[in-house]
Amino acid sequence: MAKVVIVGAGLGGTLMAYEMKTELGKGDSLTVIGQGPLYHFVPSNPWVAAGWRDRDEVEIDITQVMARKGIEYLSQGAARVHADENRVELTDGSSVPYDYLVIATGPDLAFDEIPGLGPQGFTQSICHVDHAEKAFAALEQFCANPGPIVVGAVQGASCFGPAYEFAFILDTELRKRRIRDKVPMTFVTPEPYIGHLGLDGVGDTKGLMESQLRQRHIKWITNARLHHVESGKMTVEEIGEDGALRKTHELPFGYAMMLPAFRGVPAVRGVEGLTNPRGFVIIDKQQRNPKYPNVFGIGVGVAIAPVGPTPVPVGVPKTGFMIESMVTATAKNIGALLRGEKPVAEASWNAVCLADFGDGGVAFVAEPQIPPRNVNWSAQGRWVHYAKVAFERYFIRKIRKGESEPIYERWIMEGLGIRRLAAPRNKGEAA
Ligand SMILES: Cc1cc2nc3c(=O)[nH]c(=O)nc-3n(C[C@H](O)[C@H](O)[C@H](O)COP(=O)(O)OP(=O)(O)OC[C@H]3O[C@@H](n4cnc5c(N)ncnc54)[C@H](O)[C@@H]3O)c2cc1C
């Protein structure tokens with residue numbers, strides 16, 4: 001009789017709970033520790049920030065779904081993981097013991113690393129639905145008195161797709177409002193080239209994204225390091241290939257949205273051997289922490305090395321399908337341990353992404369994530385916008401129904417050659 005605990009009930013944590021439930025034996029129990037009763041679908045945040053979605057369209061009361069599935073749900077949040085004692089301390093001072101723990105706590109948003117960055121400072125964010133709502137209110141004010149816009153991501157960021165999405169969504173929205181001609185736009189990014197995406201590009205994302213920026217009259221600065229932000233102005237340092245300062249840009253803005261760098265959440269940051277210096281959970285190929293092998297990590301909160309050196313730090317994105325692949329591998333591995341078997345499942349970590357521009361978009365598939373790849377495909381078109389809307393509806397329905405990977409989804413993805421688990425290793429091949 002084992003007790004499995006999942007901390008975090010976002011995209012990874014909820015699916016983890018649904019999939020883990022099917023792996024439990026008689027007498028095993030499952031507890032999910034979340035922060036509050038609500039799940040919200042993070043990929044919809046750019047639409048919330050543009051006023052294209054209301055908050056309640058992308059939010060779900062997760063307590064009801066968990067109760068229906070017979071999963072204990074604690075909403076008070078984790079204060080600290082005590083890995084040496086196999087227990088999670090909650091914010092009310094109580095503790096939850098575990099035999100197996102899955103950490104799915106997503107990112108802590110490091111706005112404090114750059115003066116003036118973030119919703120407490122002078123730039124907007126779309127990382128959380130609260131931020132996205134605030135960003136929409138700011139957009140309404142801006143539209144009454146338009147000026148320059150700056151959108152992008154800061155040094156050390158690992159999530160670039162949503163920054164591009166939001167720049168293009170704003171462009172679409174401003175054209176709809178017939179005020180685009182009054183708004184000079186600049187895209188600012190630490191990526192060494194447009195369309196790098198933290199993945200050294202996928203297919204021709206460089207060409208596709210540059211062409212979109214050009215067609216929409218959005219200027220860009222790459223290899224950018226955000227020095228500080230003040231009211232209506234941001235100071236951006238452009239770094240050369242040799243790492244030396246090439247140019248300092250003073251960018252005035254009436255509206256700015258910059259994605260921050262991520263780090264691990266306070267509940268796990270600084271737990272020796274569990275997390276790296278930035279607080280990301282250290283995992284092996286089976287999603288297991290080497291020092292605490294009964295602890296697993298999934299989602300944005302896990303440590304992944306960058307694809308290669310860049311003049312300005314650029315992280316690797318952890319996209320939805322990649323996270324789903326981590327979920328499946330982790331559920332299979334804990335299931336194996338519960339049955340006394342060896343945990344051998346490895347996530348494919350394939351990156352599959354739909355970036356919506358409001359009136360079109362770019363899709364890409366990278367397998368594996370690090371080049372050279374077996375699948376390295378990108379494409380654009382209006383169909384991507386419709387595909388993303390369909391994906392949002394499908395995913396939210398999946399969370400509401402308490403399903404992780406319905407059989408038809410597996411058939412479709414396998415038909416496209418996209419699998420959640422890596423192919424089993426050949427005999428003698430290094431794990
Ligand atoms: C704006 C944006 C748009 C994105 N769009 C896409 C997209 O279109 N396609 C795609 O593939 N990927 C996208 N991503 C990337 C990724 O899919 C999402 O970030 C995804 O939500 C990450 O899942 P996660 O489970 O790791 O983290 P989250 O979904 O953020 O969930 C983490 C959960 O842990 C909880 N938590 C944190 N600390 C604690 C604690 N101490 N105790 C209990 N609970 C805690 C949080 O409240 C949260 O609910 C996007 C990311 C962003 C930021």
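1. A polar contact is a pair of N or O atoms within 3.5 Å; within protein, one must be able to donate a hydrogen and the other to accept it, and residues adjacent in sequence count only if both atoms are side-chain atoms. Arg216 gives you two examples to look at: its side chain makes a polar contact of 2.9 Å with that of Asp171, and another of 2.8 Å with that of Asp359.

2. Before going on, a word about what you are looking at. This is a predicted model, in which local features need pLDDT of at least 70 and side-chain atom pairs count only at pLDDT 80 or more, while totals for chains, interfaces and linings use all residues. Residues are numbered from 1 along each chain as its sequence is written, and side-chain values use heavy atoms, with hydrogens and water left out.

3. Back to Arg216, which sits in the loop between helix H6 (205–215) and strand E13 (218–221). Helices (H or I, at least four residues) and strands (E, at least two) are DSSP runs, numbered from the N terminus. Is Arg216 buried or exposed? Arg216 counts as buried because its relative accessibility is 10%, and buried means under 20% relative accessible area, exposed over 50%, partly exposed in between (1.4 Å probe, protein chains only). Leaving aside neighbours within four places in sequence, its contacts (heavy atoms within 4.5 Å) include Phe168, Thr172 and Phe357.

4. Now find the ligand. It is surrounded by 30 residues, the closest being Gly12, Gln35, Val300, Gly320 and Lys388; a residue is near a molecule if one of its heavy atoms lies within 4 Å of it. This shell divides into 17 nonpolar, 11 polar and 2 charged residues. Here Ala, Val, Leu, Ile, Met, Phe, Trp, Tyr, Cys and Pro count as nonpolar, Asp, Glu, Lys and Arg as charged, and the others, Gly among them, as polar. Helix H1 (11–21) and helix H7 (320–338) each supply at least two residues of the shell.

5. Which atoms meet at the ligand? One oxygen atom of the ligand is 2.7 Å from a backbone N or O atom of Gly12, and an N or O atom in the side chain of Gln35 lies 2.7 Å from an oxygen atom of the ligand. At Ala78, a backbone N or O atom is 2.9 Å from a ligand nitrogen atom. Taken alone, the ligand exposes 980 Å², and the protein buries 88% of that.

6. An α-helix has 3.6 residues a turn, so residues three or four places apart point the same way. Just after H8, Gly402 takes a positive phi of about 80°.

7. Finally, some backbone details to check. Glu367 and Pro368 are joined by a cis peptide bond, with omega about -5°, and Pro368 is in the loop between strand E21 (361–367) and strand E22 (375–380). Asn86 is not a glycine, yet has a positive phi of about 50°; this residue belongs to the loop between strand E6 (78–82) and strand E7 (87–90).

Methods:
Areas by Shrake-Rupley, 256 points an atom, 1.4 Å probe, with all protein chains shown as cover.
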